[in-house]
Amino acid sequence: MRGKGRKSRKSIYLIGGGLLLVAAALCLTVYNIGDNWRAGWEAGQVLAEMEEAAENGGVSMPAEEDGGEENEAGQALAVIPVDGNDYIGVLEIPDQELILPVMEEWSYPKLRIVPCRYMGSAKEGDLIIAGHNYDRHFGRLKNLQPGEPVIFMDAEGNRYEYEVQQVVTLQGTDVEEMEEGEWNLTLFTCTVGGQFRVTVRCGEKQDG
């Protein structure tokens with residue numbers, strides 16, 4: 001009888017442990033869905049405020065006025081200030097129905113809001129943009145195909161049209177390879193766990 005009782009208790013423990021794992025996985029899934037929704041909602045709110053600020057003449061040159069960010073050529077970057085953050089423009093990936101503000105400088109907390117300028121500028125033809133792997137940010141970069149369009153509109157209203165040329169996966173620690181090459185636009189995001197970076201290389205769109 002004791003043997004049967006021990007087996008019964010062991011089965012209960014195993015079932016209980018399994019249920020806890022299922023509950024934890026469910027909670028994580030719900031959290032991720034909620035975080036993705038939040039990221040998309042915040043990006044939409046920033047877009048609306050950027051449009052309103054631009055209409056009211058809210059474009060500024062912080063590098064000249066406030067000692068703010070400059071591009072690698074030493075030129076001031078025009079920005080649109082929104083809620084204490086500066087935005088250099090708007091990125092559009094039509095085939096993924098994404099329109100996202102781009103913040104002037106990056107940090108991990110800022111990447112939770114919108115994609116951020118990692119380095120370079122559209123004017124100099126060497127812009128690199130980092131984004132979180134939220135589904136409503138850069139989580140679907142891996143699905144882009146060569147030839148697909150990418151558009152960037154800077155804070156001054158200049159429109160830059162690109163097309164995807166390469167989609168590669170780099171080691172998460174390979175910073176030099178991320179920055180090298182004569183690409184007009186690079187977009188990247190970390191994979192889950194941060195071991196690799198999905199990297200999209202773009203060139204200027206060719207007429208015809």
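Me: What space lies in the largest pocket, and what makes a region a pocket?

Reply: About 540 Å³ lies in the largest pocket, a volume being the space filled by probe spheres set on grid points joined across faces, edges and corners. On a 1 Å grid over the protein atoms alone, a pocket is an open set of points with protein on both sides within 12 Å along at least five of seven lines, whereas in a cavity a 1.4 Å probe fits but cannot get out. This is a predicted model: local features need pLDDT of at least 70, side-chain atom pairs count only at pLDDT 80 or more, and totals for chains, interfaces and linings use all residues. Residues are numbered from 1 along each chain as its sequence is written, and side-chain values use heavy atoms, with hydrogens and water left out.

Me: How many residues line the largest pocket, and which lie nearest its centre?

Reply: The lining has 23 residues, and His132, Asn133, Thr189, Cys190 and Thr191 lie nearest the centre. A lining residue has an atom within 4 Å of a point. By class, the lining holds 10 nonpolar, nine polar and four charged residues. Here Ala, Val, Leu, Ile, Met, Phe, Trp, Tyr, Cys and Pro count as nonpolar, Asp, Glu, Lys and Arg as charged, and the others, Gly among them, as polar.

Me: Which elements each supply at least two residues of that lining?

Reply: They are α1 (2–55), α3 (108–111) and β8. The largest share of the lining, four residues, comes from α1. Helices (H or I, at least four residues) and strands (E, at least two) are DSSP runs numbered from the N terminus.

Me: Which residues does UniProt list for "active site"?

Reply: An unreviewed UniProt entry lists His132 and Cys190. They span 59 residues in sequence, yet no two of their C-alpha atoms are more than 7.0 Å apart, so they gather at one spot. Both His132 and Cys190 belong to the lining of the largest pocket. Such an annotation may be inferred rather than shown by experiment; feature names are shortened, and positions follow the numbering used here.

Me: Why is histidine 132 called partly exposed?

Reply: Buried means under 20% relative accessible area and exposed over 50%, with partly exposed in between (1.4 Å probe, protein chains only). Histidine 132 has 28% and therefore counts as partly exposed. The residue sits in the loop between β5 (127–130) and β6 (149–154).

Me: What does the side chain of histidine 132 make with that of asparagine 133?

Reply: The two side chains make a polar contact at 3.0 Å. That term needs a pair of N or O atoms within 3.5 Å; within protein, one must be able to donate a hydrogen and the other to accept it, and residues adjacent in sequence count only if both atoms are side-chain atoms. Beyond four places in sequence, histidine 132 is in contact (heavy atoms within 4.5 Å) with Leu111, His137, Phe138, Gly139 and Thr189.

Me: Is cysteine 190 buried, partly exposed or exposed?

Reply: Its relative accessible area is 33%, so cysteine 190 is partly exposed. Cysteine 190 lies in strand β8 (residues 185–190). Not counting residues up to four places away, cysteine 190 touches Gly131, Asn133, Phe196 and Arg197.

Me: Why is valine 46 called buried?

Reply: Valine 46 has a relative accessible area of 8%, so the residue is buried. Valine 46 belongs to helix α1, and outside four places in sequence its contacts are Tyr87, Pro101 and Ile113.

Me: Where is glutamine 96 found, and why does it count as buried?

Reply: Glutamine 96 is in the loop between β2 (85–93) and β3 (98–103). The relative accessibility of glutamine 96 is 8%, so it counts as buried. A polar atom of the glutamine 96 side chain lies 2.6 Å from the backbone oxygen of arginine 140. Leaving out residues up to four places away, glutamine 96 touches Arg140, Leu141, Asn143 and Leu144.

Me: Why does glutamate 97 count as exposed?

Reply: Glutamate 97 has 73% relative accessibility, so it counts as exposed. Its phi is near 50°, a positive value in a residue other than glycine. Aspartate 83, in the loop between β1 (80–82) and β2, also has phi near 50°. At 63% relative accessibility, aspartate 83 counts as exposed.

Me: How many helices and strands does the chain have?

Reply: The chain has four helices and nine strands. Of its 208 residues, 38% are buried. Among contacts between residues at least 6 apart in sequence, 55% join residues at least 24 apart.
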